[in-house]
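Dear colleague,

I am passing on the structure that we spoke about, and my notes on it follow below. Please read them with the model open beside you.

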Amino acid sequence: MRRLLLFSLLLLPLGAVAWSNYEGADRSLAVYPKQEIPLRFDHALHLEDMACSDCHEASASKVASDRMIPGHPTCEGCHDVEAVRGDESCQMCHPGFDPTAMARPKPVVIPTANLKFDHAVHVSKEIPCARCHGAVEKVQIADRRNLPKMETCLECHHRGSEAGGACSVCHPVAANGKIAKVMPSGATLVPELGNPFGVYHSPDYARAHGQDAFTARETCDACHTESECLACHDAAIKVLKVHPNDWITLHPVPAKHSALECQSCHNYQDFCVTCHERVGIGQQAAPQLRATNLSVHPPGWVGPLGPNHHGVFASRDIRSCTSCHREEGCIQCHATTGRGGVGSNPHPPGFSSKACSLYEANARVCIKCHAPADPMLARCR
């Protein structure tokens with residue numbers, strides 16, 4: 001007679017995605033809460049001549065909360081439990097159970113995973129149990145270590161796949177529409193291994209997250225709100241690391257006078273422009289975000305020529321201008337009406353005397369603002 005089969009954890013009613021802990025040896029408690037399994041069982045023995053489906057009704061499970069752990073009725077299909085009710089028979093599967101000291105054995109506690117998962121769909125696609133649960137035939141009690149890690153799930157669930165690669169396909173969503181990051185059993189951790197986005201929240205990630213936020217913004221947005229970013233980047237008081245408090249308000253003047261010092265850490269194109277456009281500063285900002293009363297430039301930047309006029313600074317350091325502005329922005333004003341501009345002349349006094357020599361050297365620069373039939377160009381041919 002086979003040994004008494006009371007419980008088995010081969011196909012737990014838990015989801016397909018798990019954030020790996022830093023060590024990568026266990027599953028996140030936030031996704032797979034701690035289990036208590038006071039049982040004695042041998043999967044290897046039972047799988048010698050049985051299939052997973054003999055004990056686990058995975059084909060009928062639609063949600064992660066479904067309990068597929070077999071009880072006495074399932075076990076009695078092979079084991080005559082009533083015929084061996086003695087203390088010894090109970091201890092076969094419930095080690096340490098003493099009916100004289102306790103009314104019943106310690107319960108098995110397997111909390112529902114904080115995931116969305118449909119076993120039935122995976123069974124219908126003929127995905128083998130071992131694909132997600134590993135070599136259970138080599139273990140006795142299967143536990144959290146036999147639940148799939150995220151890298152396993154990403155073999156099918158990735159961007160552009162039929163299975164779907166959005167985080168919300170498997171992970172619960174909080175009231176704010178973002179992925180829930182904190183569960184009663186702990187906080188989720190972005191995986192170190194198998195991560196398709198290259199984003200890993202190491203202990204020092206706060207200092208290194210800028211590049212990831214720039215290149216994988218959609219990934220960040222799945223979990224984080226704009227207010228979380230602003231809590232540090234736009235806060236009056238924050239952790240002192242490099243800059244003093246309220247730096248977001250104070251930084252324009254030092255940025256203007258100590259540009260090289262700023263650029264030792266920050267890239268204008270990647271860092272400064274991204275932040276300015278996010279709050280609506282600059283021509284490249286989205287129209288719905290653009291704030292016309294916000295500017296990084298001093299009074300007199302446009303209009304009549306003066307000491308603060310942008311033309312003075314552009315003639316001295318055009319590279320600084322192009323770190324934020326594209327050529328199209330200049331052409332909007334400086335191109336002739338024939339080229340769609342307003343015809344604001346950007347050239348200094350006496351330019352006409354050397355215009356033709358510049359045209360002959362590189363006509364492409366001139367025709368960006370002047371139509372080919374423009375008299376100003378015709379005289380140079």
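Is Lys 62 buried, partly exposed or exposed? With a relative accessible area of 48%, Lys 62 is partly exposed, where buried means under 20% relative accessible area, exposed over 50%, and partly exposed in between, computed with a 1.4 Å probe on protein chains only.

Before going further, please note that this is a predicted model, in which local features need pLDDT of at least 70 and side-chain atom pairs count only at pLDDT 80 or more, while totals for chains, interfaces and linings use all residues. Residues are numbered from 1 along each chain as its sequence is written, and side-chain values use heavy atoms, with hydrogens and water left out.

Confidence

The mean pLDDT of the chain (the predictor's confidence in each residue, from 0 to 100) is 80, and 84% of the residues reach 70 or more. Confidence is lowest in helix H3 (residues 87-93), with a mean of 71, and highest in helix H4 (residues 119-124), at 94; helices here are DSSP runs of H or I with at least four residues, and strands are runs of E with at least two, numbered from the N terminus. Over residues 1-25 the pLDDT stays under 50.

Salt bridges

Taking a salt bridge as a side-chain nitrogen of Lys or Arg within 4 Å of a carboxyl oxygen of Asp or Glu, the count comes to 7. In one of them Lys 62 pairs with Asp 118, the closest N and O atoms being 3.2 Å apart. This pair links distant parts of the chain, since Asp 118 is in the loop between H3 and H4 and Lys 62 in the loop between H1 and helix H2 (72-75), 56 residues apart. Asp 118 counts as buried, at 17% relative accessibility.

Arg 131 forms a salt bridge with Glu 155, with 3.1 Å between the closest N and O atoms, and Arg 131 is partly exposed at 38% relative accessibility. The side chains of Lys 368 and Glu 327 also meet in a salt bridge, at 3.2 Å from N to O. Lys 368 lies in the loop between helix H18 (363-366) and helix H19 (375-378) and Glu 327 in helix H16 (residues 327-334), so this pair ties together parts that are 41 residues apart in sequence. Finally, Arg 217, Asp 221 and Glu 226 are linked in a network of salt bridges.

Asp 42

Asp 42, in the segment before helix H1 (43-46), counts as buried at 18% relative accessibility. A polar atom of the Asp 42 side chain lies 3.0 Å from the backbone nitrogen of Ala 44.

Best regards

Conventions: Contact means heavy atoms within 4.5 Å. A polar contact is a pair of N or O atoms within 3.5 Å; within protein, one must be able to donate a hydrogen and the other to accept it, and residues adjacent in sequence count only if both atoms are side-chain atoms.
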